[in-house]
Amino acid sequence: MSALHPERLGKYQITGVLGEGAMGVVYRGFDPDIRRIVALKTIRQQLGEGADAAQTAARFRNEAQAAGRLLHPGIVGVYDFGETDTRAGRVAYIAMEFVEGHTLSQYLQQKVRFSEADVASLATQLLDALAHAHDNGVWHRDIKPSNVIMTKAGRIKIADFGIARTDTSALTMANSVLGTPMYMAPEQFMGRPIDHRVDVYGAGVVLYQLIAGRAPFIGPHEALMYKVVNEVPVAPSTLEGALGGGRFDAVVATALAKDPRDRHASAAAFRDAVAQALGQPAPGAVSREAVYALPALSEYAPTERIVSPFGAPFVNQSQAPATNTTGAPPTHWDPSVLAQVEASLARHVGPLAAVLVRRAAKECHDLPSLQMRLAEQITSPQAREVFLGASSKAGGGSGGTGGSSAGTGITSLTGIGGASGGASGGARAGPPTTFGHGSGGGTFAGNHTPVNDAVLEQAVKLLSAHLGPIARVVVKRSAERVRQREPFYVLLAESAPEGVRAKLLADLRAIP
């Protein structure tokens, strides 16, 4: 082992490094008492200082307590929690079940096609495990493909209970806004009380992705919030390349209902509805053909996927290429864009940002998906929002669609829109303080005085006409990202439906 890594954590002997994330290292370990291989999650030592340190440590302990009270074949088992002194200082660790397999996100990224029977198997396995968690007073609150591991036997396991809520936990309030935006239920965005049905919604998004190959709602953060709260997703089977037939469309629609009362009453009820839609009992395991659609698991060159302490899957270091992982960026990205994103991420995760950005950029082809992938590595919700706000000002890579909205005077701050003046073809967005007036070019010498409380209240009133109750959340988060009026107004306008953006922007600019 390298001098950078300990030889032991408590009683556990360290036998290898499975991977590293922004928040910690996951080791392969050996329990000498029971003589079994374990995975050991740790927190990075630099997280022991700063304003978020106490929350980070509490969330880490919460994962051990939440998952530790569950005993189900579909949930990664937690064996032990401890702290120990090492040469690098004091380290907290969780000893957990060693799982060999790939996350569902890897299958989706590689566009693996699942049959109806396999989709039903994955969904019912996931929901059966969630039913067990709910029966034991645990809500996961972050169900997504990267937190679901499929083993070589075709069985799934849920991982990462870092933001789970238990009936005895004082770590987070029931209405806390936590989770991964693409998988969050409307009530989570709106700060309303939540219950186990947020997991029903998250599982519904996963089922939608298994059918359609994409999530029901995508886009920049504020636009995503609006869609989740207000729009009805199209039936997954109708999308291009989706699993046809529509067998599960109605079941998914119920799971994604805006009002929790209209969803399946429980994970068990959702599970039974999937089986009923299939017309027969769902297989107990996914077919071997689907499991091995990704490179076969090898005893000598394992392809372990261990979920990181705070969400995203680690890439096993045995799979890492021999070349320098911080070398040249992927060619489909503008290097200056990646440099800006890396600089923004480094404020929250340190030097590891270079590796994380380049790894994620190889699999992501547009800025919003790159942002979301990297944001999963940031544990603090506040820091995550800061990162999403800062990195969204970078220009888009070749995955951008280009072109500002003609006549709206709005230049995208997300990197999807084009340069000021309405250029097209994937041009980079102009500076946040330059706003085109449509295809004719030119700039708007906007009001760059600071946003004050009176402006915030007026903005909430104007935006509420288009977004409803979520307007106050959008205004608050936008104000946390920018504090000058003109970029603040543009950010708000982008969160509204496209047809009303020009008028909304004019009304916002008219605020005294």
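Colleague: Which residue takes a positive phi in the hairpin of β3 and β4?

Modeller: That's Arg35, with phi near 60 degrees, and the hairpin has 4 residues between its strands. Keep in mind that this is a predicted model, where local features need pLDDT of at least 70 and side-chain atom pairs need 80 or more, while totals for chains, interfaces and linings use all residues. Residues are numbered from 1 along each chain as its sequence is written, and side-chain values use heavy atoms, leaving out hydrogens and water.

Colleague: Okay, how many helices and strands does the protein chain have?

Modeller: There are 17 helices and 11 strands.

Colleague: How many bridges join β2 to β3?

Modeller: 6 bridges, between residues 12-20 of β2 and residues 25-31 of β3. You can follow a chain of partners across the sheet from there. Gly16 has Arg28 in β3 as its bridge partner. Arg28 in turn is partnered by Ala39 in β4, and β3 and β4 are joined by 6 bridges. Then Ala39 has Met96 in β6 as a bridge partner, where β4 and β6 (residues 89-97) pair over 5 bridges.

Colleague: Is β4 mostly covered or mostly open?

Modeller: Mostly covered: 5 of the 7 residues in β4 (residues 36-42) are buried. Buried means under 20% relative accessible area, exposed means over 50%, and partly exposed is in between, using a 1.4 Å probe and protein chains only.

Colleague: How much of the protein chain is buried, then?

Modeller: 56% of its 512 residues. The chain exposes about 20700 Å², and carbon and sulfur atoms supply 52% of that. Those areas come from the Shrake-Rupley method with a 1.4 Å probe, and for residues only the protein chains shown count as cover.

Colleague: New topic. What's the strand order in the sheet of 3 strands?

Modeller: β7-β9-β10, an open sheet with antiparallel pairing. β7 (101-103) and β10 (156-158) each have a single partner strand, so one side of each has no neighbour in the sheet. On average, neighbouring strands here are turned by 30 degrees against each other, direction ignored. β9 (residues 148-151) and β10 share 3 bridges, and Val148 has Ile158 in β10 as its bridge partner.

Colleague: Which helix lies across β9 and β10?

Modeller: α3 (residues 116-135), running at about 35 degrees to β10. Axes are lines fitted to C-alpha atoms, for helices over the stretch in contact, and angles run from 0 to 180 degrees between N-to-C directions.

Colleague: At what angle do α3 and α8 pack?

Modeller: About 165 degrees, with the axes 8 Å apart; α8 covers residues 267-278. The two helices are therefore roughly antiparallel, a label for angles over 145 degrees, while under 35 is roughly parallel, 65 to 115 roughly perpendicular and the rest oblique. Among the residues that meet are Ala120, Leu127 and Leu130 from α3, and Phe270 and Val274 from α8. A contact here means heavy atoms within 4.5 Å.

Colleague: Where is Phe217?

Modeller: In the loop between α5 (197-212) and α6 (221-230). Phe217 counts as buried because its relative accessibility is 6%. Leaving out residues up to four places away in sequence, Phe217 touches several others, including Tyr201, Leu224 and Val232.

Terms used. Two strands pair if DSSP finds at least two bridges between them.
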